[in-house]
Amino acid sequence: MKLFYKAMIIISFSTSFITGSHALEYFCPVSKKQDFDNSYTLEQLSNSMFSVKVNHRDNLATISRCSYVSSLGKVTCDDYQVDYIHKDTSVGHVKYYYFNGQFDLQIFSNLDFIENNGRGSIGFGSCSIVN
């Protein structure tokens with residue numbers, strides 16, 4: 001029976017390696033945010049509910065920047081197709097670039113992240129893997 005399970009695991013890994021189909025989803029709530037001359041308070045962060053979502057499949061990724069919109073009474077997200085993904089294979093960090101918006105997101109191997117919105121704000125926090 002153990003041999004059967006080992007064979008199934010090997011087949012599973014082989015299939016995903018051959019097809020190259022790897023999908024990851026991250027949810028990254030912002031726990032600290034800094035502008036050029038302003039640090040957001042905990043109350044501002046709580047009210048704004050800033051977060052970033054990443055859907056990374058194979059060599060493609062979409063980044064969703066989310067925040068609470070009081071006029072709508074809910075969190076809304078803007079989606080961006082990532083232009084370039086850099087994976088540091090020696091330490092496991094991944095950096096996502098959206099060139100037109102001058103936006104980048106770096107997720108470290110311990111799942112901490114830095115979000116650079118390209119316009120003077122930097123967000124920090126820790127991601128969780130959704131799937």
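In which sense do strand 1 (residues 23-34) and strand 2 (residues 51-57) pair, and over how many bridges? The two strands pair in the antiparallel sense, over seven bridges. Strands are DSSP runs of E with at least two residues, numbered from the N terminus, and two strands pair if DSSP finds at least two bridges between them.

The model is predicted, so local features need pLDDT of at least 70 and side-chain atom pairs count only at pLDDT 80 or more, while totals for chains, interfaces and linings use all residues. Residues are numbered from 1 along each chain as its sequence is written, and side-chain values use heavy atoms, with hydrogens and water left out.

The mean pLDDT (the predictor's confidence in each residue, from 0 to 100) is 86 for the chain, and 84% of its residues reach 70 or more. Over residues 1-19 pLDDT stays under 50, and the model has two contacts beyond four places in sequence for them. Contact means heavy atoms within 4.5 Å.

Strand 1 also pairs with strand 9 (residues 122-126), antiparallel, over four bridges. Two bridges join strand 1 to strand 10 (residues 128-129), again antiparallel. Some bridge partners are listed here.

| Residue | Partner | Strand of partner |
|---|---|---|
| phenylalanine 27 | lysine 53 | strand 2 |
| phenylalanine 27 | serine 128 | strand 10 |

Serine 64 is placed in strand 3 (residues 60-69). Serine 64 is buried, with a relative accessible area of 11%; buried means under 20%, exposed over 50% and partly exposed in between, with a 1.4 Å probe and protein chains only. Leaving aside neighbours within four places in sequence, serine 64 is in contact with Ser51, Val52, Lys53, Cys77, Asp78 and Asp79.

The aromatic pairs come to four, where rings of Phe, Tyr and Trp (its six-membered ring) pair if their centres lie within 6.5 Å, and planes under 30 degrees apart count as stacked, over 60 as edge-to-face and the rest as tilted. Tyrosine 80 and tyrosine 98 have ring centres 4.8 Å apart and planes at 40 degrees, so this pair is tilted. The pair links distant parts of the chain, with tyrosine 80 in strand 4 (residues 74-81) and tyrosine 98 in strand 6 (residues 94-98), 18 residues apart. Tyrosine 80 is partly exposed at 23% relative accessible area, whereas tyrosine 98 is buried at 17%. Tyr84, Tyr97 and Phe99 form one aromatic cluster.
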